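Morning, everyone. I want to talk about aromatic rings today. Let me put the structure up.

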Amino acid sequence: MAYEIEHRYIVTNDSYREMATGKVAVRQGYLNRNPDRTVRVRILGTKGFLTIKGRNEGAKRLEFEYEIPLKDAQEILSLAEPGIVEKTRYIVPYEGLVWEVDEFHGAQQGVVIAEVEIPDDGIKYKKPPFIGLDITGDPTYYNSNLKV
């Protein structure tokens with residue numbers, strides 16, 4: 001099975017911008033926001049992705065993600081439920097892991113969330129200087145629940 005183990009945090013300052021090795025525009029919409037089986041289409045720069053995620057069990061959940069043609073992603077996005085999420089994603093390598101920092105736009109302007117995927121539940125890791133409150137597992141901050 002394909003599991004992701006992801007920890008998420010509120011970002012407290014913009015030091016991630018200087019630390020970032022890249023950034024990309026993200027547009028995503030949801031075909032299904034049911035917590036048991038979320039289905040998302042995403043345009044990440046010039047690439048399209050279709051993702052199916054299972055229910056969160058703390059920091060762990062099933063995830064199946066497939067690259068799809070950009071044109072297909074654009075058309076599928078037009079079928080999404082209301083509330084397209086738009087954000088800028090910064091890529092920040094830190095202490096052997098890659099952090100993704102999302103600056104949200106639109107109705108969520110000002111919300112900045114960092115996430116890191118780890119290969120195993122038991123791994124301890126050092127947090128970068130921009131990390132604040134741990135929101136791992138808090139449905140208030142799931143992208144699928146953000147009011148856009």
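A search of the whole structure finds five aromatic pairs. Rings of Phe, Tyr and Trp (its six-membered ring) pair if their centres lie within 6.5 Å; planes under 30 degrees apart count as stacked, over 60 as edge-to-face and the rest as tilted. Take Tyr-9 and Trp-99. Their ring centres are 5.8 Å apart and the planes meet at 45°, so this pair is tilted. The pair links distant parts of the chain: Tyr-9 lies in strand β1 (residues 3–11), Trp-99 in strand β7 (residues 97–104), 90 residues apart.

A word on the ground rules. This is a predicted model: local features need pLDDT of at least 70, side-chain atom pairs count only at pLDDT 80 or more, and totals for chains, interfaces and linings use all residues. Residues are numbered from 1 along each chain as its sequence is written, and side-chain values use heavy atoms, with hydrogens and water left out.

Buried means under 20% relative accessible area, exposed over 50%, partly exposed in between (1.4 Å probe, protein chains only).

Trp-99 also pairs with Phe-130. That pair is edge-to-face: 6.5 Å centre to centre, 85° between the planes. Again, distant parts of the chain are linked: Trp-99 in strand β7, Phe-130 in the loop between β8 (112–117) and β9 (131–134), 31 residues apart. Phe-130 is buried, with 0% relative accessibility.

Now widen the view. Ring pairs join Tyr-9, Tyr-16, Tyr-90, Trp-99, Tyr-125 and Phe-130 into a cluster.

Next, the fold. The chain has two helices and nine strands. Helices (H or I, at least four residues) and strands (E, at least two) are DSSP runs, numbered from the N terminus. Along the sequence the pattern reads β-α-β-β-β-β-α-β-β-β-β. The radius of gyration is 15 Å, close to the 15 Å that the globule rule gives for 148 residues, so the chain is as compact as a globular protein of that length. That radius is taken over C-alpha atoms; the rule is 2.2 Å times the number of residues to the power 0.38. The C-alpha atoms fill a box of roughly 40 × 30 × 25 Å along the principal axes.

Last, burial overall. Of the 148 residues, 41% count as buried. Thanks, and over to you.
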